[in-house]
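Please look over the sequence and the structure before reading on.

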Amino acid sequence: MADVQTLNTVAVGTDPVTDRISGPRGAKPRPKLSRRNIFIYGTLIVVAAYYLVPLYVMVVTSLKGMPEIRLGNIFAPPVDITFEPWVKAWATACTGLNCDGLSRGFWNSVQITVPSVIFSIAVASVNGYALSNWRFKGADTFFTILIVGAFIPYQVMIYPIVILLREIGLYGTLWGLVIVHSIFGMPILTLLFRNYFSSVPEELFKAARVDGAGFWRIYFVIMLPMALPIFVVAIIIQITGVWNDFLFGVIYTKPDTYPMTVQLNNIVNSVQGVKEYNVNMAATILTGLVPLFVYFVSGKLFVRGIAAGAVKG
Amino acid sequence: AELEVTHWWTSGGEAAAVAEFAKAFEATGNTWVDGAIAGGGSTARPVMVSRITGGSPMGATQFNTGRQAEELVEAGLMRDFTELAEKENWKEVIRPANLLEGCTVDGKVYCVPVNIHSWQWLWLSNKAFEDAGVPVPTNWDEFVAAGPALEKAGKIPLAIGGQSWQTTGTFNVLIPAIAGKDVFLKVYQDHDAEVAAGPEIAKVFKAADDARRLSAKSNVQDWNQATNLVITGQAGGQIMGDWAQGEFQVAGQVAGKDYTCLPGLGVNELISTGGDSFYFPKLDDADKTAAQEVLASTMLNPQTQVAFNLKKGSVPVRGDVDVSAANDCMKKGLDILAKGNIIPDTNQLNTEDTNNQLNDLFVEFFKTPSMTPEEAQKRYADIIASAD
Amino acid sequence: MNTSGTAARRPSQLFRNLNAKVASIPMILTALMVFLGGTVWTIVYSFTNSKLLPRLKFVGLDQYERLWSAPRWWTSIENLVVYGVLSLIFSLVIGFVLAALLDQKIRFEGVFRTIFLYPFALSFVVTGLTWQWILNPDFGVQHLVRAIGWESFTFNPLYDQDIVIYGILIAGLWQGTGLVMCLMLAGLRGIDEDIWKAARVDGIPMWKTYLFIVIPMMRPVFITTLVIIASGIVRLYDLVVAQTSGGPGGASEVPAKYVYDYMFLAQNLGQGFAASTMMLLSVAIIVVPWAYLEFGGGKRG
Amino acid sequence: MQSVSIRDLTLKFGALEVLKSLSLDIEDGEFLVLLGPSGCGKSTLLNCIAGLLDISDGQIFIKGRNVTWEEPKDRGIGMVFQSYALYPQMTVKGNLSFGLKTAKVPKDEIDRKVARAAEVLQIEALLDRKPSQLSGGQRQRVAIGRALVRDVDVFLFDEPLSNLDAKLRSELRVEIKRLHHRLKNTMIYVTHDQIEALTLADRIAIMRNGIIQQLASPNEIYNRPVNLYVAGFMGSPGMNFMEGTLTGGGPDGGPQLRFGSTSIPLDRYPFAADARPEKVIFGIRPEHVSCGPAAADEPFSADVEIEVVEPMGADTLVWAILDGKEFRFRVDGHSDLDEGDHVRIGFDPARASIFDAGTELRL
Amino acid sequence: MQSVSIRDLTLKFGALEVLKSLSLDIEDGEFLVLLGPSGCGKSTLLNCIAGLLDISDGQIFIKGRNVTWEEPKDRGIGMVFQSYALYPQMTVKGNLSFGLKTAKVPKDEIDRKVARAAEVLQIEALLDRKPSQLSGGQRQRVAIGRALVRDVDVFLFDEPLSNLDAKLRSELRVEIKRLHHRLKNTMIYVTHDQIEALTLADRIAIMRNGIIQQLASPNEIYNRPVNLYVAGFMGSPGMNFMEGTLTGGGPDGGPQLRFGSTSIPLDRYPFAADARPEKVIFGIRPEHVSCGPAAADEPFSADVEIEVVEPMGADTLVWAILDGKEFRFRVDGHSDLDEGDHVRIGFDPARASIFDAGTELRL
Ligand SMILES: Nc1ncnc2c1ncn2[C@@H]1O[C@H](COP(=O)(O)OP(=O)(O)OP(=O)(O)O)[C@@H](O)[C@H]1O
Ligand SMILES: Nc1ncnc2c1ncn2[C@@H]1O[C@H](COP(=O)(O)OP(=O)(O)OP(=O)(O)O)[C@@H](O)[C@H]1O
Ligand SMILES: [Mg+2]
Ligand SMILES: [Mg+2]
């Protein structure tokens with residue numbers, strides 16, 4: 001730091017810079033508590049607090065006993081922490097005559113979610129691929145209908161779909177439900193994939209065609225491996241949707257295949273009885289754990305994936 | 001055979017009651033597959049209807065006693081139980097008679113009523129009146145008069161949950177209590193719009209106006225939260241069906257000492273005979289068809305009836321059973337029933353469409369202080385006029 | 001010319017790219033049979049007096065007359081407009097601001113992102129209840145503030161007809177902005193670094209750069225987000241039911257709930273179909289021309 | 001025999017007619033370069049030949065076979081794209097063998113072909129790398145290799161070098177030329193870089209707005225452009241153009257060009273057309289202009305003022321003013337000319353090109 | 001006076017030291033070109049000068065003022081980016097005036113400045129268009145204009161022409177040069193295109209791995225590169241290199257270079273360093289090689305076999321084999337050489353460069 005003069009190697013110094021030694025040097029000091037940082041972190045923390053309040057209330061409530069809840073202070077931390085409600089929500093809460101809590105629905109939910117997510121994403125990704133790379137006459141019209149379909153309230157479609165499934169003989173089967181989820185996931189997912197595949201350089205697709213690959217081979221060997229990030233995005237959206245679905249789950253299944261949300265609904269919505277809020281809260285958090293887990297493990301890919309897909313939309 | 005039974009009884013007491021059915025049914029060598037769906041009829045009914053129309057019906061399903069399943073019956077999707085009814089002589093044993101009438105279409109019996117619930121109860125918190133320094137009222141008028149005192153003591157005079165069916169229920173309880181049984185039947189059975197627009201109903205709307213004023217401060221949603229206000233003495237009273245009793249019991253309260261119940265609001269001691277019935281969709285499987293018959297018969301079996309209704313807190317549909325285990329308030333009800341002071345439930349008289357329109361109207365009326373009783377009555381009369 | 005004689009005829013267009021067409025069958029079927037078919041079916045039955053079951057007993061425009069004379073329908077529409085406009089604006093604004101903040105190369109980005117996103121994973125049934133509690137004057141925020149000593153503090157959106165829709169909005173935003181934030185963040189990451197540098201050299205303040213340069217550049221992201229938010233708004237149902245059941249006094253009714261209630265609670269399918277037809281019609285009026293411009297017209301990507 | 005033959009090809013995107021009834025015959029083993037400005041339809045034409053675009057009208061023949069409606073894979077073509085279009089998730093080997101695997105070629109034959117292509121392109125050491133681990137030049141060679149392994153009759157190159165920097169470009173240019181010598185396949189090569197066009201082509205097709213302006217050898221195109229457009233397009237820096245009038249009688253009686261106060265004798269100019277319009281445009285390339293003492297010996301010479309001097313290493317480009325108009329010429333790299341200097345320049349009009357100002361065609 | 005002065009600049013990205021204690025003084029009004037391969041740190045240096053990157057150590061002075069910690073907008077610089085970085089949704093006019101508006105410059109002054117910049121850059125007719133409606137060259141001019149309107153002391157250009165095609169590039173190159181003549185601002189210009197560097201620069205700084213290898217005039221750099229790297233980097237096609245041994249006594253007693261069976265007399269070579277290592281690398285540029293009859297007159301001449309001939313319009317590049325090694329040289333555009341021919345070539349070793357094979361420095 002001391003001997004700066006020697007660095008004046010390129011000999012041009014007719015006009016010595018006056019504050020050469022004394023002036024600022026090196027990285028500009030950035031105080032940790034700059035106005036900018038206070039603003040950014042302040043805002044983020046305040047907003048994060050707003051986002052966390054309901055979670056706090058839910059967790060705190062789920063750890064209280066009912067008498068404590070009756071006291072009515074939802075923000076107070078639990079005096080006697082009890083895990084009873086969690087155990088009950090998971091294992092012993094009753095739904096009608098079946099007193100095994102959410103645990104029973106858990107596997108059903110997994111069994112419903114896995115094929116529904118796989119199938120709906122498979123269909124939507126092929127759609128997106130066909131729409132962006134193999135545009136045929138009328139494809140845009142179908143896609144427009146699909147996008148409008150994204151706006152139809154689910155309830156309106158219940159009867160037509162009941163009729164449809166009845167006619168093709170899939171009503172009440174797991175495949176029926178998988179089809180329903182695929183239908184309702186199709187608009188948004190197709191949009192997502194279409195935009196993603198459109199951002200893949202067209203040359204790649206052309207090169208594969210010249211190389212002799214057909215529709216499916218290009219899809220499986222070329223496109224699919226490149227679209228992994230967007231698949232993660234789709235999986236997140238679809239798992240959240242399917243896992244939390246109640247309406248279709250209850251209408252298109254039977255009691256022994258009810259998903260977890262039906263159990264959750266039953267625990268939470270017992271109208272003519274005493275509400276066990278602590279159990280409700282525990283049940284909700286338990287039900288949300290699977291999607292939350294998926295968010296955690298794929299957080300990074302989520303942002304990257306959408307970036308790839310949406311930027312060129 | 002295995003028989004799937006769908007219903008919306010999911011709370012503790014209800015589930016215990018259903019368990020009685022299941023137990024009795026399984027004793028006959030069949031299997032009860034429980035298909036409970038919580039969230040009340042509004043959540044459960046679309047599921048049931050979808051499944052029945054979708055061709056994947058359950059073995060048996062609950063509906064409220066009344067007209068909810070009418071069209072399913074007309075569409076030929078429900079099983080006809082006339083033969084069994086005649087064999088087991090349901091006409092005689094089921095009482096009051098209008099219960100079975102609700103199950104009868106074109107002279108054929110399509111369902112099994114299993115219990116009687118009545119709406120016409122005013123539940124009062126003794127502690128609240130004590131705190132306010134006024135005696136516990138014995139009828140609606142006294143209750144209205146005590147309102148200001150309760151308010152002064154920082155209480156909510158009348159607790160009504162925010163959900164629409166509770167306000168409609170409250171109003172429908174006021175009709176027979178204020179205007180009497182005949183007017184009630186004229187309006188809801190005959191859909192007489194003139195009466196609905198007439199002075200008798202105007203009185204009811206006046207009372208409803210009072211109720212609206214008294215309940216202005218209640219800010220809970222669920223009915224049991226409202227009941228909880230009464231239990232804890234934060235509210236003076238609540239108009240609610242006999243199922244509210246379960247809440248008082250769970251809270252360890254004693255009728256007469258901690259709380260008071262006034263059937264028919266203490267004015268006209270009438271109770272309605274609503275309740276639940278079971279319908280049996282047509283099935284292909286012969287075993288299951290046979291099992292349906294067994295289940296229907298089991299549900300009406302005297303022992304099952306008692307066991308079920310004691311747990312459920314409702315009244316058995318058979319007169320020939322022993323109900324000595326019932327509590328005070330239920331006994332009051334049984335007395336009234338025995339006297340024949342009964343009215344049909346609105347579910348039996350109105351279509352769900354009409355009920356729903358009424359819900360919309362009353363919920364608006366109760367939460368909109370600027371809406372005059374006259375205005376509301378006019379819309380009320382319109383709904384009655386268009387009802388079928 | 002040795003080749004000119006053998007002119008080939010254009011083969012049938014139907015069988016070109018056959019695989020693509022075959023693969024699109026699920027989409028075509030869904031579009032035609034479910035969305036289009038279902039819509040037509042709904043419209044047809046909206047002219048009947050179907051009650052519990054769909055029946056072809058035509059009653060002309062009766063259902064529509066009743067619909068438009070129902071005060072509840074009007075309230076529903078008003079609420080949807082208020083909620084829709086505010087939710088759209090706030091979702092986009094909050095989502096964008098959060099994304100912009102997270103994009104400042106901050107620490108713990110992953111933690112904040114997860115916090116903002118987690119509500120998306122929870123079902124409405126109980127989050128509605130939780131918000132109902134938090135906004136309940138007797139044991140929620142109002143209670144808390146009063147307990148601290150501000151006795152006159154009033155904040156009870158769910159129990160005041162005039163502002164109940166804002167109470168729902170608060171919870172709706174809580175639930176939905178996380179996803180918007182994620183989409184926006186992704187969009188921001190796609191902006192050319194040089195644009196930022198150019199703006200800095202030009203001496204343009206950060207907020208101006210966002211407002212006049214970055215946001216207009218993020219049009220495609222905004223469109224994707226818009227479709228997702230808007231479809232959520234039109235379908236708004238669960239949240240209202242969970243929080244207020246449409247109360248107090250029907251002040252928070254929304255069209256989707258009207259449809260549901262009439263179809264399943266009132267067992268008046270015709271009325272429900274009429275209501276949903278109106279909803280679809282208004283959506284179609286807005287979406288179809290836009291979708292055609294956006295996705296049709298032959299431009300790729 | 002013609003290797004590729006295009007008859008009356010028309011291609012429309014919606015209402016936009018990109019290729020307008022275009023016909024073109026390419027000999028077997030020929031190296032044809034398509035040259036033209038951005039957006040003139042070069043890629044479109046290549047895509048049509050490859051079968052990647054559905055044509056609106058016309059016929060395409062490859063090796064005498066009508067392939068107008070055949071799938072790309074059945075046409076016997078290999079294509080190399082501007083952006084390489086390597087499959088990012090596959091290794092170099094995977095990229096090379098993908099097409100063969102698709103065609104169900106036996107495994108040992110695939111290995112043999114890949115090995116041979118890798119040897120030709122000197123990428124043996126890279127076979128197990130992913131494209132992201134390669135430099136631009138290496139990627140380009142892999143992209144060429146992908147076409148190479150498939151034993152095709154016709155190679156299509158779509159601006160294969162335009163993403164590379166100058167040094168790499170000149171290296172790969174030579175490699176492609178060597179490849180052509182060895183394989184003797186037909187090659188159609190799109191570029192908008194003239195150096196590439198001039199160095200590689202047997203014949204060049206200059207395109208503009210979907211129409212071929214001139215199809216001829218590089219030398220012909222460079223020295224005898226058929227119209228003003230081709231003349232202006234070829235050469236960098238471009239030809240000097242001067243608008244003037246054509247007069248019959250000069251001091252020595254021959255034809256002359258007059259512009260401003262200058263007149264250029266055209267006795268030595270080999271007029272190709274019979275027409276003698278009055279308004280013409282005279283063009284002379286910068287490298288055909290000499291300067292200093294040598295200029296005086298030329299049939300035409302004049303004094304100019306130097307405006308800008310651009311040393312370009314090997315030689316220097318000088319921007320000067322001739323009779324009020326900009327005039328460029330090239331001199332040796334060691335020139336000591338400076339801005340503001342006045343020098344004498346001269347050229348031989350026989351090396352010039354003259355165009356009708358109206359029709360823009362060469363005279 | 002120095003316009004920009006950089007002292008000891010170090011910049012690290014995490015552990016990666018991209019610029020290594022770099023010092024540089026740029027005169028007022030000078031046109032300095034930074035030249036170097038991809039990834040050598042050119043853009044990074046420019047960003048440091050602009051204040052867009054926080055430096056790790058060192059100081060930066062502009063017009064004698066220490067601006068090390070100042071904001072970009074206060075440094076009196078204008079910057080033009082490789083990707084233009086135009087604001088896509090604003091018109092050209094909006095792009096030009098946005099910065100001024102933000103600085104609250106009065107409206108009529110904005111109009112004046114925009115009009116002047118538009119005139120200088122000849123984009124008056126485009127003022128109301130959006131960037132997407134412009135061609136590459138027009139966009140580039142707008143990007144320059146955006147820096148121009150701000151009346152800055154120093155212009156920074158980051159590869160402004162590398163996205164353009166050759167024709168446009170050469171045109172814009174001249175335009176930038178003219179601009180410099182007119183404005184006389186200091187300009188720092190990054191590129192990896194040598195033609196650009198040679199034609200534009202007053203001085204060139206050749207960078208490699210964050211270190212400046214040579215800072216000198218284009219002529220000096222081209223003809224007297226300080227080390228092997230600079231020699232190899234400059235020139236396209238590159239210098240011919242031959243590794244050989246340096247011997248003291250030839251037939252005529254002077255120093256000689258031997259490689260293979262060839263020996264080159266070095267009497268005329270102006271040795272700059274005193275060292276005489278044994279192993280050296282001899283370099284000669286293709287354009288300094290003559291061919292045919294002229295070759296015989298050169299101090300050194302030899303016979304070569306021609307491998308490839310690349311006509312490049314104005315001249316032709318020949319790839320030949322000299323003593324088993326590849327050897328390139330340039331001949332006239334009208335050359336009639338053909339592949340397989342044997343010709344005599346020759347050059348003057350005075351024009352060559354010789355490097356120590358160990359230190360790679362020029363001798
Ligand atoms: N899919 C398309 N839809 C509509 N127009 C298109 C499409 N593809 C290309 N064009 C238009 O066709 C014309 C020719 O495009 P083409 O890609 O063949 O140009 P090019 O000569 O290859 O140019 P470049 O040198 O820039 O690659 C352009 O005007 C372009 O805008
Ligand atoms: N933000 C960054 N983080 C880490 N490393 C970086 C970052 N930006 C640049 N680098 C690295 O610094 C080095 C110099 O990059 P720079 O962009 O200055 O190169 P350049 O000389 O401009 O190259 P080019 O000619 O390709 O533009 C490269 O190795 C690059 O990978
Ligand atoms: Mg192209
Ligand atoms: Mg760079």
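Does D:D8 count as buried, exposed or partly exposed? At 44% relative accessibility, D:D8 counts as partly exposed; buried means under 20% relative accessible area, exposed over 50%, and partly exposed in between, with a 1.4 Å probe and protein chains only.

This is a predicted model, in which local features need pLDDT of at least 70, side-chain atom pairs count only at pLDDT 80 or more, and totals for chains, interfaces and linings use all residues. Residues are numbered from 1 along each chain as its sequence is written, chains are lettered from A and ligands numbered from 1 in the order in which they are written, and side-chain values use heavy atoms, with hydrogens and water left out.

**Backbone of chain D**

- D:D8 has a positive phi of about 55 degrees, yet D:D8 is not a glycine.
- D:D8 lies in strand β1 (residues 2-13) of chain D. Strands (E, at least two residues) and helices (H or I, at least four) are DSSP runs, numbered from the N terminus.
- D:K63 also is not a glycine and has a positive phi, of about 50 degrees.
- The loop between β4 (57-62) and β5 (65-66) of chain D holds D:K63.
- D:K63 counts as partly exposed, at 31% relative accessibility.

**Chain D overall**

- Chain D has eight helices and 20 strands.
- Along the principal axes, its C-alpha atoms fill a box of roughly 80 × 45 × 35 Å.
- Of the 363 residues of chain D, 58% count as buried.
- Take the contacts (heavy atoms within 4.5 Å) in chain D with a separation of 6 or more: residues 24 or more positions apart account for 66% of them.
- Chain D exposes about 13800 Å², and carbon and sulfur atoms supply 47% of that area. Accessible areas come from the Shrake-Rupley method with a 1.4 Å probe; for residues, only the protein chains shown count as cover.
- Chain D has 42 positive and 51 negative charges, and their mean positions are 9 Å apart. Lys and Arg count as positive, Asp and Glu as negative; His and the chain ends are not counted. Each charge is placed at NZ of Lys, CZ of Arg, CG of Asp or CD of Glu.

**Between chains**

- Eight pairs of chains touch, and the most contacts are between chains A and C.
- No contact joins chain B and chain D; their closest C-alpha atoms lie 46 Å apart.
- Chains B and E have no contact either, with their closest C-alpha atoms 50 Å apart.

**Aromatic pairs**

- Over all chains the count comes to 81 aromatic pairs. Rings of Phe, Tyr and Trp (its six-membered ring) pair if their centres lie within 6.5 Å; planes under 30 degrees apart count as stacked, over 60 as edge-to-face and the rest as tilted.
- B:F205 and B:Y380 are edge-to-face, because their ring centres are 5.5 Å apart and their planes are at 75 degrees.
- This pair links helix α12 (residues 199-214) to helix α20 (residues 373-386) of chain B, 175 residues apart.
- Both B:F205 and B:Y380 are buried.
- B:F362 and B:Y380 form a tilted pair, because their centres are 5.9 Å apart and their planes at 50 degrees.
- B:F362 is in helix α19 (residues 352-367) of chain B, 18 residues from B:Y380.
- B:F362 counts as buried, at 0% relative accessibility.
- One aromatic cluster in chain A includes A:Y129, A:W134 and A:F231.

**Charges over rings**

- D:R285 lies over the face of D:Y222, at 4.0 Å from the ring centre. The rule asks for NZ of Lys or CZ of Arg within 6 Å of the ring centre and within 35 degrees of the ring normal.
- The charged end of E:R146 sits over the ring of E:Y87, 4.7 Å from its centre.
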